[in-house]
Every structure is written in structure tokens, then in C-alpha cells.
Amino acid sequence: MAACTVYSTQPLRTNISIPTSSKTHVGFNQKQVVFYTTTKKSSNRRTNSNNRRYLITCGAGDSQTIVIGLAADSGCGKSTFMRRLTSVFGGAAEPPKGGNPDSNTLISDTTTVICLDDYHSLDRTGRKEKGVTALDPRANDFDLMYEQVKAIKEGVSVQKPIYNHVTGLLDPPELIKPPKILVIEGLHPMYDSRVRDLLDFSIYLDISNEVKFAWKIQRDMAERGHSLESIKASIEARKPDFEAYIDPQKQYADAVIEVLPTQLIPDDNEGKILRVRLIQKEGVKYFSPVYLFDDGSTISWIPCGRKLTCSYPGIKFSYGPETYKGNEVSVVEMDGQFDRLDELIYVESHLSNLSSKFYGEVTQQMLKHADFPGSNNGTGLFQTIVGLKIRDLFEQIVASRAETPVGAAKA
Amino acid sequence: MAATMAGVSLSSPRVIFKGPESLQKSQAIRSGPVFMLNQRWTGAVSSGRMVSIRPVQASPDITGKVEESIKSAEEACAGDATSGECVAAWDEVEELSAAASHARDKKKTSDPLEEYRKDNPETDECRTYDN
């Protein structure tokens, strides 16, 4: 049963692609019908303020998009996370076909991923002139970000600018149609309070300095011109802005994935084995944290033993309630690496509240992307689990929205 | 009769990249419509942002850009290590390194047969025989 609500909209700063040549016009935009009437007061077409547009949105309860925010510094695994996330929902996410080849947007059947770098107000030359980094809020247009995310959430398509990372310029905009799930990923999804309020769920990828350094070395040493010193200098130079503007977003996130060096190997400086913590905020609507054995108690678990043999240095799990940045949280922690499939399935069978649809779904998702970085340790595991949690959140929201319009119709 | 090779220069011509302007001039314009030119840009132009058409690079030389940016960052920081220019220069290095690594990843995964084989392992082109 379809429920229809009538809105009268203000003219948006961004254009909706509906021709405005005739006096009355009926246009179709997915499930929306827009009646656009112009009053006869002024034959001057330039005055838009007299036009009232009535927007009737009809949907079977899924007319509103859910918005997920993902914050992380550059080089911290956002793209890998995005690919895992879109894979959980089904379908591969690809850049929009036929558009700008340097577009940062990814689109799959259910999900659209928008890179917040597209909302830079200063391009590369502009930032160089002013001496600001991309991390600085002065380089970003939060008003436009808020307007457009709000519009997409309400089911209106927008023309979103494109920031071309190759040239460092702002390209002509591309059309973004409202998907079922919108993911905004970048440096500042939770910085602006208005944008924060639009998010249904938010995630922060917190990589510790040692691990960040190791990952950047892996990424950049193959590049001509880079040396250890230049990589170090780059990280150090960005640190003040990062700590001032990006790091504080941690306190607002519903889930934080913290990546630290391992504690299993004393004095390890290779950085290959990672200790990953999934910090889950308590009391978030539609989000029930993952736990080990008993919700709310403190557990330390080493799965390797009689039933499972692991190679050095093994795997160690822990779980417990904590306080993080003034919030009550539950933390699941994994230290070590998976070497074999049966280790993964063994661990999965002992975790509770995974929101998986069948036994072994987490393992299956991890194996599907065995070539992604982090597929054998906590980063891949927790990213996959967060993906399942988001799917669960989406289904709950859709179910709750389907109930309310029916209730209103009956009343 | 062996021909003498005296006087033939064997050095290959080297292109020296001076900067982003010369880069754009020397790149060929990619064939086929890249921008939909009849698309309205009115939504994008605001608060003094410059929007211009320029040739799309078929194979961008990001590596050259990364090298340049590192050199210019080192120069900018030679004076004052905490100034805005120095920080912005290193941020640019970071951005270009990220773009370079994404380009490398894209190149790695763009084998069309492998893509097809992933989805259709049972078709004739993709079967493997183990004996």
C-alpha cells in the first residue's frame, strides 16, 4: 500500500532537471510527481519567488534515503571499507557510467557513495594560495554539503560538484539520484552539526600513528620521488590540522574502528600484525552491539587451543564495556591474524549479535574479498560486521517507516 | 656487409615536464564526448569557483606530479616548517600520492577476461582442465 505525503518545497539552490517552459507541468522523477504552477502575477519569468511547487512523494515506505557517514584520514582504508560495505548490500559499486571518468562517486543497485572532497570550496591552487590544507574546514563548503545531503535524504536529485583529484580542480557537476542508502565518506562527515543530524549511522576509522606510517610506506614507496623522510614529513605536517579538525569527530561516531600495533609480539615494528578494536556506542537506535558470550560482561578469549590450532602469534579476543570520550560503549577487540578458513568460521560462530542472515555469512564475505587489504585480520572482520549492522539498521528503518503511514491512513 | 652505425644517435627523446600548464598542452584530447556540454552548469558556479573545460588526460602522469610536488614541498618547508605554505604543500603531496595509488589499483584490476571469468567460470573461455 502506497502512502503519499504532500510537501510544498522552496526553490533549491541546486537544479532539479525538470523543464520549466510551460505554465503547468507534470514531471516524473522516480516515484515522485511534481506539479509546478506559475502564477499569472508577473509575466517576467525571472522572478522565481512567486512560483509554488507542490511535491507529492509516493512510496511504499522506502521513499526516504538512509544516510551513513564514514570519516577517516586519507590513506586509511576508506575505499576498502566502501567496497566491503557495498558488497554486503549486493552488487558491485562502480563510478557512474558515461560521466566524468575522474568522478569520486560509486553507484550500485542499492547504494551510492559520495566522496566529501567534492564539497571543497577551494581547489588545489586556491588552497596553496591561502596556505590551508584540505583538512581545514575553511577549504570546504558545509552549507552546500548540508543542503545537498538533506535534499537527497528527502528524495530530491541534486547536481553535485566533482573535485578532480588528478588535476586538483573542481569539475562540472554530476547528477546524483536518491538511492536507498547514501554513504558520505571523507574527512568531515561529522564536523558540521547540521550534517551530523542527518546521519542515521556514523563510523570513524581511527588509525594509530605507527600503523598509519607503516601503511603509507607500503602505499608510497613504490612511487618515484618518495622516500621515508618525505612520507614522514608529510604525516607530521598534516598532524596539527588532523588533530584539530578530524580527530574530534570520534566522539560523535556510533562505531569507531581503532587500529593499533599488536600486543602479541613484544617490540614488533613490522606492523604486519594488527590489534583492532570495534568501539560500539550504546543506546543508538536500531543498532545492537556485537558481543562475545555475554552482553555486558568482560571477556578475554584465546580461541587457539585444543579445538583450533593457530600459527604464531595466534589470535586473542576481548570484549567488555568501557567509557570512550564520555560515552558508554562496548568494545570487541581482536589481536592477531587469521591464517585458515576454519579459524575464521570458528571465531564467527562464537560472536553474538552479528546480524548475519545465515551461519557463516561473515566468513563468506571475508573470503569473497580475500584480495582486499585486511582480509586476514580484525580490520576486514570488523568492517564486514559493521556492514552487516548497517544492513540490519536499514531493514529496521524501512520496516518502521512502512508501519507509520499505514497507521496514519487508518486513523 | 655490415653497415656502420656511426653518427646515429641512439638516445630516445626525453620529454621534460615543466609543470601542469605544459602537461595539459602536451596531452591529446580524448576522443568521444566526455562532458555533456548541454548540461546546465548553473548549479556549480557560485562563490567565485572557476569552472573550465580542459582536455581530459587519457593516461595522466601522476607519478611526475607526485615527484614535482615533493620537491616543491621540500622547498617550501626549507624556510619555515610550520608556515601555511609548507603544510599545504605536504597536503598536496599526500593527495597526489593517494591519487597515484588509486590509479595503480585501477590498472591492476582492469583485465576484462578476469572480470568475466569471476562471474562466469563455467563458460568455454574460462574453464580450466586439471589433467
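Biologist: Let me start with one residue. Which residues does A:Asn140 touch, not counting residues up to four places away in sequence?

Modeller: Before we look, remember that this is a predicted model. A:Asn140 touches A:Tyr119, A:His120, A:Ser121, A:Ala134 and A:His188, with residues up to four places away in sequence left out.

Biologist: And where does A:Asn140 lie in chain A?

Modeller: Look in the loop between helix H2 (124-130) and helix H3 (142-153) of chain A.

Biologist: Is A:Asn140 buried or exposed?

Modeller: For that you check the relative accessible area, and buried means under 20%. A:Asn140 comes out at 9%, so A:Asn140 is buried.

Biologist: Which side chain does A:Asn140 join in a polar contact?

Modeller: That of A:His120, in a polar contact of 2.8 Å. A:His120 is also one of the residues on the touch list of A:Asn140.

Biologist: Okay, backbone next. Which peptide bond is cis, with omega near -5°?

Modeller: Omega is the angle to read here. The bond from A:Tyr312 to A:Pro313 is the cis one. You'll find A:Pro313 in the loop between strand E15 (299-301) and strand E16 (315-324) of chain A.

Biologist: Where is A:Ser355 found?

Modeller: In the loop between strand E18 (351-352) and helix H8 (361-368) of chain A. A:Ser355 is not a glycine either, yet its phi is positive, about 60°.

Biologist: Let's zoom out. Into which domains is chain A divided?

Modeller: Domain 1 covers 62-205 and domain 2 covers 254-399. Their centres, taken over C-alpha atoms, are separated by 27 Å. Domain 1 of chain A brings 19 residues to the contact, and domain 2 of chain A brings 23.

Biologist: How do I read the area buried between domain 1 and domain 2 of chain A?

Modeller: Take the total, then ask which atoms give it. The total is about 2,100 Å², and carbon and sulfur atoms give 69% of that. On the domain 1 side, A:Arg84, A:Val88 and A:Phe201 supply 36% of the area buried against domain 2, more than any other three residues.

Biologist: How many salt bridges and polar contacts are there between those two domains?

Modeller: The salt bridge count is 0. For polar contacts, the rule finds 10 residue pairs across the interface, both residues at pLDDT 80 or more.

Biologist: Which elements supply at least two residues each to the side of domain 1 that touches domain 2?

Modeller: Strand E5 (66-71), helix H1 (78-89) and strand E11 (201-207) of chain A. H1(A) gives the largest share, 8 residues. By type, that side of domain 1 divides into 11 nonpolar, 4 polar and 4 charged residues.

Biologist: Last stop, chain B. What does its secondary structure come to?

Modeller: Chain B has 4 helices and 0 strands, giving the pattern α-α-α-α along the sequence. Of the 131 residues in chain B, 28% are buried. For contacts in chain B, look at separation in sequence: among those between residues at least 6 apart, 44% join residues at least 24 apart.

Terms used:
Residues numbered from 1 in each chain as written. Chains lettered and ligands numbered in written order. Predicted model: local features only at pLDDT ≥ 70, side-chain atom pairs only at ≥ 80, totals over all residues. Heavy atoms only, no water. Domains from an automatic or database assignment. Contact = heavy atoms within 4.5 Å. Buried area = accessible area lost by both parts, 1.4 Å probe. Salt bridge = Lys/Arg side-chain N within 4 Å of Asp/Glu carboxyl O. Polar contact = N/O pair within 3.5 Å; in protein donor to acceptor, adjacent residues only side chain to side chain. Nonpolar A, V, L, I, M, F, W, Y, C, P; charged D, E, K, R; others polar. Buried < 20%, exposed > 50% of the residue type's maximum accessible area, 1.4 Å probe, protein only.
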